[in-house]
Amino acid sequence: MVTLKDVISNVITNLKYDDQKEILNVLVHILTKIIENPTRAKFRSLKKDNKTFIHKLLRFEGSEDILRALSFEENYEKWYLPVSKDDTLSRNLNEIQNYIKDNSYNVFNNTNSIFENTNSSDYNNLKPPLNGNSNFVNVDKNEEVIQNDSGGLKLGGLSKRRLDKEKVELLNQNENKIKLIQEYSDKWIIQIKGAENTLYSNETFKMQFKFTEKYPIESPEVIFIGEPPVHPHIYSNGHICLSILYDHWSPVLSVNSICLSIISMLSSCTHKMKPMDDFLYCSAGSNVSPKNIRWMFHDDKI
């Protein structure tokens, strides 16, 4: 089976070293931008007549094979990555980064924009970026978000840029179902509200999202804190049995989409009850991260 590394190697092996670095750099740039901006269509599109795109990638023989190996598709005017292929993003980026490391390339992701210069409606109505120097960020006159940068892991690069974008998205939610109520350097506290006309109508719960420097390539650790919902897939220690938090994680998922999935899981519940193995699980795994547990998934409708 031909791997992505094989395709890249076939294309760049006989090129000048600087050209090899250029290709690897632009590939990392393309995938990183999509991961950072999963809802923005312009970062999924690479116009064939874009001079920068041509100079940095398309002019090299075999470059189109690399794009196909990355799950890009083409039409008469552009290459684009369908949303249905998002599950390949983290794997492909890791493979390219490992290739760079294994071959000792000195690559910097400082490529100029090679994407369509079009405005996306996804973020047109967002409020200005938050002032990170303030202890409190005023979202509106009735709401505040506590920021606390003391302690914890200092995130940077891809993780920080992605979380900055997600924070703006959360703070501009029109509905009151999901709130960012406390923020640390590597941890967010989110409050969610049960949907109306469900067993959890108007009930509020708090969740802790803990991030690593590999986010969003790697999923956050998500648990309920305080009193968790009584639900067949939520344990008394706050751990959640939901596949997208573990085996089915994709870097295009976000804090907001995770919260919506959990609210949906609560909404579909027809009977409040704890998991059948709640006592045994909590006794054995109280100090273990749920990400280190081997979960077995059935469905999220109870």
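**Close-up views of strand pairing and salt bridges**

**View 1. Glutamate 73 and its bridge partner in the sheet.** In β3, tyrosine 80 is the bridge partner of glutamate 73. The model shown here and in the following views is predicted. Strand β3 comprises residues 78-80 and is joined to β2 by 2 bridges, the two strands running antiparallel. The open sheet consists of 3 strands in the order β1-β3-β2, with antiparallel pairing. Strands of a sheet pair through backbone hydrogen bonds, in either a parallel or an antiparallel manner.

**View 2. Salt bridge between arginine 59 and aspartate 19.** The two side chains meet in a salt bridge with an N to O distance of 3.5 Å. The pair links distant parts of the chain, 40 residues apart: aspartate 19 belongs to helix α2 (residues 17-36), whereas arginine 59 lies in the loop between α3 (51-58) and α4 (63-69). Aspartate 19 counts as buried because its relative accessibility is 18%, under the 20% cut-off. Arginine 59, with a relative accessible area of 44%, is partly exposed.

View 3. Glutamate 64 and arginine 68 form a salt bridge in which the closest N and O atoms are 3.7 Å apart. Both residues lie in helix α4, with a separation of 4 residues, or about one turn of the helix. Glutamate 64 is partly exposed at a relative accessible area of 34%, and arginine 68 is likewise partly exposed, at 42% relative accessibility. These two residues also belong to a network of salt bridges that links Lys48, Glu64, Asp65, Arg68 and Glu74.

**View 4. Salt bridge between lysine 291 and glutamate 218.** The closest N and O atoms of this salt bridge are 3.4 Å apart. Lysine 291 lies in the segment after α8 (278-285) and glutamate 218 in the loop between β8 (204-210) and β9 (221-225), so that the pair, 73 residues apart, links distant parts of the chain. Both residues count as partly exposed: lysine 291 has a relative accessibility of 28%, and glutamate 218 one of 27%. Across the whole structure, a search finds 14 salt bridges. Side chains of opposite charge can pair when their charged atoms come close.

Key
Residues numbered from 1 in each chain as written. Predicted model: local features only at pLDDT ≥ 70, side-chain atom pairs only at ≥ 80, totals over all residues. Heavy atoms only, no water. Salt bridge = Lys/Arg side-chain N within 4 Å of Asp/Glu carboxyl O. Buried < 20%, exposed > 50% of the residue type's maximum accessible area, 1.4 Å probe, protein only. Pairing = 2+ DSSP bridges.
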